[in-house]
Amino acid sequence: MSALPATMTCVEIKTPGGPEVLVPATRPVPQPKAGELLVKVAAAGVNRPDLAQRAGTYPPPPGASDLPGLEAAGTVAAIGSGVSGWKVGAAVCALTPGESYAQYCTVPAPQCLPPPKGFDMLRAAALPENYFTVWHNLFERGQLKSGESVLIHGGASGIGTTAIQLAKAFGATVVTTVRNAEKAAAVAKLGADHAVLYKDNDWAAEVKKRAGPVDVVLDIVAGDYLPKNLQLLKQDGRCVVIALLGGAKAEVNAGIVMVNRLTLTGSTLRPQSIENKGRMARGLREKVWPLLEGGKVKPIIYKTFPLAEAAAAHAELERADQVGKMMLTV
């Protein structure tokens, strides 16, 4: 094994603000603690929580690096004490606590997975944040089953394109909301049964007309979407909130929740325990990796930028024109 360099290139958030506050910097290469792997990063994903962290509204959890980046793929560069099942040089993709906008990052071993067979580093790096999020929220919390129906908001996003494909692969009927006709056509190709335009449109009435009530809603909007989502649920329906693009506050009719025995739940991924994330990783490896290896589902990559151009990747993601993910190559 070659000796590790002393320093690495990374991207720092100089001060909270717009994309321009992301700047390349040099830092010492981090050392893996007990239970961790050091990953030599080949590619990393860009996600909406990174935008929030950059803006100063989503601080990293205690103990995590202040560098942005929630997923990576690369090779194992060093192994902390107490870790088994990994060798230096092995390919890895990982849900990172932060720090993936860098040449090296440390990750708790339970959050690391071997890339699906046949996947290059770029496609492997596009998996963790979206697949962990969708697996946990749609299938663990939302309990989506074959034969049920689901409404997925923001169908053209990284989360949306992942959720549509996985819901279809597990036998559900999929309704989704998107911004325009181009995105509607794109999500139909991924398997969405109904794509409803939300802009300048009574999307809830349109969902009801086309699909009737649904079993599960995956909600990235909240705000004034939340009461409408609850009204669209069947009896024993589940609404899972995973982002607050429409705001954190809503007025909810508790009578609907009682009469229809609804479940309103939600989660954020980053602050959850290593143990929880390890459980999600095992579920993905058992139930979802075979679908990826068989070509039944795939990450949708919209554009790729070099690490030094992370600011441009953030600006592109903020425009919200994309279908799929923004990625960085190291």
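This is a predicted model: local features need pLDDT of at least 70, side-chain atom pairs count only at pLDDT 80 or more; totals for chains, interfaces and linings use all residues.
Residues are numbered from 1 along each chain as its sequence is written, and side-chain values use heavy atoms, with hydrogens and water left out.

**Helix H6**

In H6, which spans residues 203-211, the buried residues are Trp-203, Ala-204, Glu-206 and Val-207, where buried means under 20% relative accessible area, exposed over 50% and partly exposed in between (1.4 Å probe, protein chains only). These residues lie on the same side of H6, because they cover an arc of only 160° around the axis, the arc being that of the directions from the helix axis to the C-beta atoms. Lys-208 and Lys-209 are exposed on the other side of H6. The cover over the buried residues of H6 includes strands E8 (149-153), E9 (173-178) and E10 (194-197), together with helix H7 (225-231); contact means heavy atoms within 4.5 Å.

**Nonpolar cores**

A nonpolar core is a set of buried Ala, Val, Leu, Ile, Met, Phe, Trp, Tyr and Cys residues joined through side-chain atoms within 4.5 Å. The largest has 69 residues, of which Leu-138 and Val-150 touch the most other members, and helix H9 (residues 274-293) gives the most to this core, with seven residues. A second, separate core of 14 residues includes Ala-72, Val-107, Ala-109 and Cys-112.

**Salt bridges**

With a salt bridge taken as a side-chain nitrogen of Lys or Arg within 4 Å of a carboxyl oxygen of Asp or Glu, the count comes to 18.

| Pair | Closest N to O distance |
|---|---|
| Lys-209 and Glu-206 | 3.6 Å |

Lys-209 and Glu-206 are separated by about one helical turn, because they are three residues apart in helix H6; Lys-209 counts as exposed at 65% relative accessibility, whereas Glu-206 is buried at 18%. Lys-234 lies in strand E12 (residues 233-241) and Asp-215 in strand E11 (residues 214-219), so this pair ties together parts that are 19 residues apart in sequence. Lys-234 is partly exposed, with a relative accessible area of 32%, while Asp-215 is buried, with 9%.

Methods. Helices (H or I, at least four residues) and strands (E, at least two) are DSSP runs, numbered from the N terminus.
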